[in-house]
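Here is a short note for someone opening this model for the first time. Please keep the structure in view while reading the points.

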Amino acid sequence: MKPTTRLWTAQIVLAALFLFAGITKLLMPAAALEAQAHLPAAFLKFIGVCETLGAIGLIVPSLTRIRVELTPIAAAGLVIIMTGATVITIAQGPMAGAIVPALVGTIAAYVARGRWDDGVYISVEHSSSYEG
C-alpha cells in the first residue's frame, strides 16, 4: 500500500471516529455526559465541537484542495485532545482503558506528520530584505 493510501485510510477512519464521538457529545444530555466522564458538561460539549471540527478538517481541505495546510493542523489538534483523554482515563480508572485513546492519538500523529511531510504545506519564503 502506498504512503498516500495509508494516510487517506487513516484520515477517513479518524474522521469517522471523531465525527461520531463529537456529534454524540453534542447531542447527549448534559447530565448523561457528566455521569459518564465525571467532567463538566460544558467542557465535554467543547470537546465535542473540537472533535467534530477536527473530523471535518481531516477530510475537507485535502479533498477540495483548498487550504490543504489545515489538515495536519486538524490532526495535531486531535492529538492534543487524545493526549488529554489518555491522561484523564489513566487518572480515573484502570490503565488498560487508556490504550484506545493512546492508539487513536498515535494514528492522528501519523496523519499530522505524514501530511506535513508531504511538502505541500511547507512554503516558507525567506526574505533577503532583513538586515540584522
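1. **The nonpolar patch.** Helices α1 and α3 each supply at least two residues of a nonpolar surface patch. Helices here are DSSP runs of H or I with at least four residues, strands are E runs of at least two, and numbering starts from the N terminus. The patch covers about 670 Å² and is made by Leu19, Ile23, Leu26, Leu27, Val49, Leu53, Ile56 and Val60. Patch residues have over 30% relative accessible area and no salt bridge; like charges are joined within 9 Å, and nonpolar side chains (Val, Leu, Ile, Met, Phe, Trp, Tyr) within 5 Å. Accessible areas come from the Shrake-Rupley method with a 1.4 Å probe, and for residues only the protein chains shown count as cover. Leucine 19 lies in helix α1. Leucine 19 counts as partly exposed, at 35% relative accessibility. The cut-offs are under 20% relative accessible area for buried, over 50% for exposed, and partly exposed in between (1.4 Å probe, protein chains only).

2. **Ground rules.** This is a predicted model, in which local features need pLDDT of at least 70 and side-chain atom pairs count only at pLDDT 80 or more, while totals for chains, interfaces and linings use all residues. Residues are numbered from 1 along each chain as its sequence is written, and side-chain values use heavy atoms, with hydrogens and water left out.

3. **Confidence.** pLDDT is the predictor's confidence in each residue, from 0 to 100. The protein averages 89, and 89% of the residues score at least 70. Residues 120–132 call for caution: pLDDT stays under 50 there. For that stretch the model has nine contacts beyond four places in sequence. Contact means heavy atoms within 4.5 Å.

4. **Overall layout.** The protein has five helices and zero strands. Along the sequence the pattern reads α-α-α-α-α. Of the 132 residues, 32% count as buried. The protein exposes about 8,400 Å², with carbon and sulfur atoms supplying 72% of it. Among contacts with a separation of 6 or more, 61% are between residues 24 or more positions apart.

5. **The core.** In soluble globular proteins, nonpolar side chains tend to be buried together. A nonpolar core is a set of buried Ala, Val, Leu, Ile, Met, Phe, Trp, Tyr and Cys residues joined through side-chain atoms within 4.5 Å. The largest one here has 16 residues. Leu14, Phe18, Leu58, Leu78 and Val111 have the most contacts inside it. Helices α1, α3, α4 (70–92) and α5 (99–116) each give two or more residues to this core. What does valine 111 touch, leaving aside its neighbours within four places in sequence? Its contacts are Leu7, Ala10, Gln11, Leu14, Leu58 and Ala75.

6. **A buried glycine.** Glycine 105 is found in helix α5. Glycine 105 counts as buried, at 10% relative accessibility. It touches Val79 and Met82, not counting residues up to four places away in sequence. Glycine 105 and alanine 76 are 29 residues apart in sequence, with 9.0 Å between their C-alpha atoms.

7. **Salt bridges.** Side chains of opposite charge can pair when their charged atoms come close. A salt bridge is a side-chain nitrogen of Lys or Arg within 4 Å of a carboxyl oxygen of Asp or Glu. The whole structure holds three. One joins glutamate 51 and lysine 25, with the closest N and O atoms 3.0 Å apart. This pair links distant parts of the chain: glutamate 51 is in helix α3 (residues 41–64), lysine 25 is in helix α1 (residues 3–27), and they are 26 residues apart. Glutamate 51 is buried at 5% relative accessibility, and lysine 25 is buried at 19%. Arginine 113 and aspartate 117 also meet in a salt bridge, at 2.6 Å from N to O. Arginine 113 is exposed, at 57%, while aspartate 117 is partly exposed, at 46%.

8. Most residues other than glycine have a negative phi, and most peptide bonds are trans. Arginine 65 has a positive phi of about 60°, and arginine 67 has one of about 55°. Arginine 65 is exposed, with a relative accessible area of 71%. Arginine 67 forms a salt bridge with glutamate 69, the closest N and O atoms being 2.5 Å apart. Glutamate 69 is partly exposed, at 27%.
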